[in-house]
Amino acid sequence: MLPAAIDEKLAQLIRRARRMIALRGTLATLAVAALVILAAMGVDAALMIRWGWLRWALSGVAFAAIGWTAWRTLIRPLWRKVAPKDVARFVEQQHPELEERISSAMELLDSSDPDELRGSETLIQEVVRGAVLDAKSVKPEREFSARRALRAGIGVAFAAAAFAAVFFLWPEQGKRLLVRAVAPYAEVGNAASARMAVLPGDTAVAEGDRVEIAMEISGSDERRAEILIERPGEEEAPERMSLAGETETGARRFTLALPSVAKGFTYRIECGRALSRRYRVTVQPRPRATSLAAALDFPAYTKLPDAT
């Protein structure tokens, strides 16, 4: 049985060590998460990503880096059980002046060797007494300082500053890029599409109706825009939109008219580096009469029964 002073001190050291591991691992994971998400946002902003699988691959790499960091710095270290003897040896390595009295006392008290091998009881008690004094002098806050754990906070601060700069300079583009990076399944246009307005967007029409799709884009001198239409059972096919001039605000307006729509479809619009999200046109069956009936209500004086 260890003396209470040694037992409690080792327990304090273990708790302190685990808290510092948790702090350092959490900060390291947050730093890596922020940096890899920023990198994914940068790649998305630099490239025209048309294919959904590429967005999934980009986000998958980011999530894999975050998971690997969390496993290495947080989950595995906390999962590993820390033995009191290991803590005692670690402290004694940092303080050679302790002359390994704590670990020696633990080994002697835990030993099942015969007395002639363990040594005299008086000698053992002297070693234990010295170990108790050494244990009282050990400060958990000094042995496991938060300074080392907080170094990982530098990466968090750097990433936070980078995020703040992105959202301050390009708020709408930054929001789109962040959503696309963390939720690759989300239907969100790329960063350049923040300057684009699509009308009517998602809509429902009656079968056979005319559908006109318009797109207005500001701050662009592009003279070409395409609508990418995907009908059920068919691959996505581009159709060129017509330049209809400029709006009062200076935005360029492109249009495409479909004279008669028989089936629903999805579409997105590409103009230069801007690629909108997918919109859906739902086609509802047009109401039609399937049968006609006439009700005949004869006056009473005719004594004729009513008929249909």
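Trainee: Before we look at any residue, what do buried, exposed and partly exposed mean here?

Mentor: A residue is called buried when its relative accessible area is under 20%, exposed when that area is over 50%, and partly exposed in between. Keep in mind as we go that this is a predicted model.

Trainee: OK, so where does R278 fall, buried or partly exposed?

Mentor: R278 has a relative accessible area of 29%, so it belongs with the partly exposed residues. Its side chain forms a salt bridge with E236, in which the closest N and O atoms are 3.8 Å apart. That pair links distant parts of the chain, since E236 sits in the loop between β4 and β5 while R278 sits in the loop between β9 (274–275) and β10, 42 residues apart.

Trainee: And what else does E236 form a salt bridge with?

Mentor: E236 also forms a salt bridge with R268, and there the closest N and O atoms are 2.9 Å apart. This pair, too, links distant parts of the chain, with E236 in the loop between β4 (226–230) and β5 (237–240) and R268 in strand β8 (residues 265–271), 32 residues apart.

Trainee: Which residues are linked in the network of salt bridges?

Mentor: The network links E187, E236, R268 and R278.

Trainee: Stepping back, how many salt bridges are there by this rule?

Mentor: The count comes to 14 salt bridges. One of them joins the side chains of D209 and R286, with 2.2 Å from N to O. D209 lies in the loop between β2 (203–206) and β3 (211–217), and R286 lies in the segment after β10 (279–284), so this pair ties together parts that are 77 residues apart in sequence.

Trainee: Are D209 and R286 buried or partly exposed?

Mentor: Both count as partly exposed, D209 because its relative accessibility is 26%, and R286 because its value is 36%.

Trainee: New topic: which residues gather in the patch of positive charge?

Mentor: On the surface, R24, R147, R148 and R151 come together in a patch of positive charge.

Trainee: Where is R24 placed, and why does it count as partly exposed?

Mentor: R24 is in helix α1, which covers residues 4–46. Its relative accessibility is 39%, and therefore R24 counts as partly exposed.

Methods:
Residues are numbered from 1 along each chain as its sequence is written. This is a predicted model: local features need pLDDT of at least 70, side-chain atom pairs count only at pLDDT 80 or more; totals for chains, interfaces and linings use all residues. Side-chain values use heavy atoms; hydrogens and water are left out. Patches are made of residues with over 30% relative accessible area and no salt bridge: like charges are joined within 9 Å, nonpolar side chains (Val, Leu, Ile, Met, Phe, Trp, Tyr) within 5 Å. Accessible areas come from the Shrake-Rupley method with a 1.4 Å probe; for residues, only the protein chains shown count as cover. A salt bridge is a side-chain nitrogen of Lys or Arg within 4 Å of a carboxyl oxygen of Asp or Glu. Lys and Arg count as positive and Asp and Glu as negative; His and the chain ends are not counted. The place of a charge is taken as NZ of Lys, CZ of Arg, CG of Asp or CD of Glu. Helices (H or I, at least four residues) and strands (E, at least two) are DSSP runs, numbered from the N terminus. Buried means under 20% relative accessible area, exposed over 50%, partly exposed in between (1.4 Å probe, protein chains only).
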